[in-house]
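The tour goes from one selection to the next.

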Amino acid sequence: MTKKFLLGVLHSYSFRIALMYMLFFLFSTLLLFAFIFFTSTRSVTEQLDETLRHDRAAFIERYGLSGLNGLIRLVNTRVQNQGYDSAYSLISANQEIMAGNLANWPNMPAPAGTFEFVLSPASSKDQSAIFRGEILPLPDGYTLLIARSKDRITDAQTKLIQTFI
C-alpha cells in the first residue's frame, strides 16, 4: 500500500507542479547568485584597476617632475606606507633592483596592460599571494612594476559564497 501510495503521489498533477516550482525557484536563486557574484567581482576588480591607474599616473608625474631620484623616493615611501598588499619594483636596464619591496623581479613574461602573477613570500610562514599589476617602461631602460594584492577580490568572493551558503 505504501509503494502504491508513493507512486500515486509522484504521478499526481499537484506533485509535478510543486516539483516544477521548486526547480524554477532553485534555478532563479542560482541565477541571481551568479549575477551578484560576478557583478561584485567585476566591481572590486575595476576598483583595483582604478587604483593601479592612479598609482601609474602618480609615478609618471613624479618621474617627469623629479627624475629618477624622485621616483625612487616615491617608490620607497609607498613601500613603507602600504605594506604587503602592494608590490613595487624599479629595475635598471641591466635588471638591477633600484627600489621597491621585491627581492627579485617576478618570473613572468613582460605583458602589455594589466596582468596577474603569483608572488612567493619572503618568509616560509606566509602564503603565496596573487597580485594584479602592470609594468611601466621608463626612458633610459628603467622599468617599474606596480601591483596590488587580489586579497580584496578573494575576500569579497568568499563573503558572497558564505552568505549564500
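A residue counts as exposed when its relative accessible area is over 50%, as buried when that value is under 20%, and as partly exposed in between. Keep in mind that this is a predicted model.

**Stop 1: Phe 38.** Select Phe 38 and show its side chain. Its relative accessible area is 56%, so Phe 38 is exposed.

**Stop 2: Phe 37.** Is Phe 37 buried or exposed? With a relative accessible area of 14%, Phe 37 is buried. Together, Phe 37 and Phe 38 make an edge-to-face aromatic pair, with 5.2 Å from centre to centre and 90° between the planes.

**Stop 3: Phe 33.** The structure has 4 aromatic pairs. In the pair of Phe 33 and Phe 37, the ring centres are 5.7 Å apart and the planes stand at 35°, so this pair is tilted. Planes under 30 degrees apart would count as stacked, and planes over 60 as edge-to-face. With all three residues shown, you are looking at a cluster: ring pairs link Phe 33, Phe 37 and Phe 38.

**Stop 4: Asp 55.** Stay in helix 2 and select Asp 55, which lies there. Its relative accessible area is 5%, so Asp 55 is buried. Which residues is Asp 55 in contact with, leaving aside its neighbours within four places in sequence? They are Arg 78, Tyr 88, Ile 146 and Arg 148.

**Stop 5**

**Stop 6: the nonpolar patch.** Switch to a surface view and select Leu 7, Leu 10, Phe 15, Leu 19, Met 22, Leu 23, Leu 26, Leu 30, Ile 161, Phe 164 and Ile 165. These residues form a nonpolar patch on the surface, and together they have about 1000 Å² of accessible area. Colour the helices next. Helix 1 (2-10), helix 2 and helix 3 (151-164) each supply at least two residues of the patch. Which helix gives the most to the nonpolar patch? Helix 2 does, with 6 residues.

**Last stop: Leu 26.** Pick out Leu 26, which is one of the patch residues and is found in helix 2. Leu 26 has 47% relative accessibility, so it counts as partly exposed.

Methods. Residues numbered from 1 in each chain as written. Predicted model: local features only at pLDDT ≥ 70, side-chain atom pairs only at ≥ 80, totals over all residues. Heavy atoms only, no water. Phe/Tyr/Trp six-rings, centres within 6.5 Å; stacked < 30°, edge-to-face > 60°. Buried < 20%, exposed > 50% of the residue type's maximum accessible area, 1.4 Å probe, protein only. Helix = DSSP H or I, 4+ residues; strand = E, 2+ residues; numbered from the N terminus. Contact = heavy atoms within 4.5 Å. Patch = residues over 30% accessible without salt bridge, like charges linked within 9 Å, V, L, I, M, F, W, Y side chains within 5 Å. Areas by Shrake-Rupley, 256 points an atom, 1.4 Å probe, with all protein chains shown as cover. Salt bridge = Lys/Arg side-chain N within 4 Å of Asp/Glu carboxyl O.
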